[in-house]
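Trainee: I am new to this structure and would like to learn how to read it feature by feature. Could we go through it together, with the general idea before each case?

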Amino acid sequence: ENFFEEITSKYRVDTNKVYLTGVSLGGSGTWYLAIKYPDKFAAIAPMSGFTSHIEYLDQNVEELVDMPIWAFHGKIDKVVQFEETDRVIQRLEGKNKNLKFTIQPNVGHWIHWLVYPEPELYDWFLTHDKRTKNKN
């Protein structure tokens, strides 16, 4: 929260278009921070994040019902099992109308090497704005 406040006060940041993504431990952090500070982010994209160890996530996943989410996980991930992302997605399905889950059947833990170099995620992020989050 301090980092967010420092950056947004020092630099010209459109606080209606702040996006969060992370891989592995960063994917876990993405889930956690989006739940803890849902008003800070216009959309999130967690990748291959370990989630079952975060009790706070399990107890507060409903905070993500209005958060646009595009989650990614490789089906053959041996570092963080696919089920770690799938379990959160299952809890949000039918409740979050801006929920996407990309499963790569023949990809392991480093799915981000397929996602980050391509423009699709960034284009998707830019379609989301906090001012219209609940209207999409």
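Mentor: Let us begin with a term for accessibility: a residue is called buried under 20% relative accessible area, exposed over 50%, and partly exposed in between, using a 1.4 Å probe and protein chains only. Please keep in mind that this is a predicted model, in which local features need pLDDT of at least 70 and side-chain atom pairs count only at pLDDT 80 or more, while totals for chains, interfaces and linings use all residues. Residues are numbered from 1 along each chain as its sequence is written, and side-chain values use heavy atoms, with hydrogens and water left out.

Trainee: Which residues of helix α4 are buried?

Mentor: Helices (H or I, at least four residues) and strands (E, at least two) are DSSP runs, numbered from the N terminus. An α-helix has 3.6 residues a turn, so residues three or four places apart point the same way. In helix α4, which covers residues 83-92, the buried residues are E84, T85, D86, V88, I89 and L92. With contact meaning heavy atoms within 4.5 Å, these buried residues of α4 pack against α2 (25-36), α3 (55-60), β3 (69-74) and β4 (99-104). After the helix comes G94, which has a positive phi, near 85°.

Trainee: With which residue does R87 form a salt bridge?

Mentor: Side chains of opposite charge can pair when their charged atoms come close. The term salt bridge is used for a side-chain nitrogen of Lys or Arg within 4 Å of a carboxyl oxygen of Asp or Glu, and the structure holds 7 of them. R87 pairs with D58, with the closest N and O atoms 2.5 Å apart. This pair links distant parts of the chain, since R87 belongs to helix α4 and D58 to helix α3, 29 residues apart. R87 counts as partly exposed at 26% relative accessibility, and D58 is partly exposed with a relative accessible area of 23%. D58 also forms a salt bridge with R91, where the closest N and O atoms are 3.6 Å apart; this pair, too, links distant parts of the chain, with D58 in helix α3 and R91 in helix α4, 33 residues apart.

Trainee: What does K95 pair with in a salt bridge?

Mentor: Its partner is E62, and the closest N and O atoms of K95 and E62 are 3.1 Å apart. Here K95 sits in the loop between α4 and β4, and E62 in the loop between α3 and β3, so that the pair links distant parts of the chain, 33 residues apart. Elsewhere, salt bridges that share partners join D14, D129 and R131 into one network.

Trainee: How many aromatic pairs does a search of the whole structure find?

Mentor: A pair of aromatic rings is described by the distance of the centres and the angle of the planes. Rings of Phe, Tyr and Trp (its six-membered ring) pair if their centres lie within 6.5 Å, and planes under 30 degrees apart count as stacked, over 60 as edge-to-face and the rest as tilted. The search finds 6 such pairs. One of them joins W70 and W124 edge-to-face, at 5.7 Å centre to centre and 70° between the planes. Because W70 lies in strand β3 and W124 in helix α6 (residues 120-126), the pair ties together parts that are 54 residues apart in sequence. W124 also pairs with F125 in a tilted arrangement, 5.6 Å centre to centre with 45° between the planes. Ring pairs link Y19, W70, F72, W124 and F125 into a cluster.

Trainee: Where does the charged end of K100 sit?

Mentor: A charge sits over a ring if NZ of Lys or CZ of Arg is within 6 Å of the ring centre and within 35 degrees of the ring normal. The charged end of K100 sits over the ring of W70, 3.5 Å from its centre, and K36 lies over the face of Y56, 5.8 Å from the ring centre.

Trainee: Why is β3 described as largely enclosed?

Mentor: Strand β3 has 6 of its 6 residues buried, so it is largely enclosed by the rest of the structure. Both of its faces are covered, with I69, A71 and H73 buried on one side and W70, F72 and G74 buried on the other.
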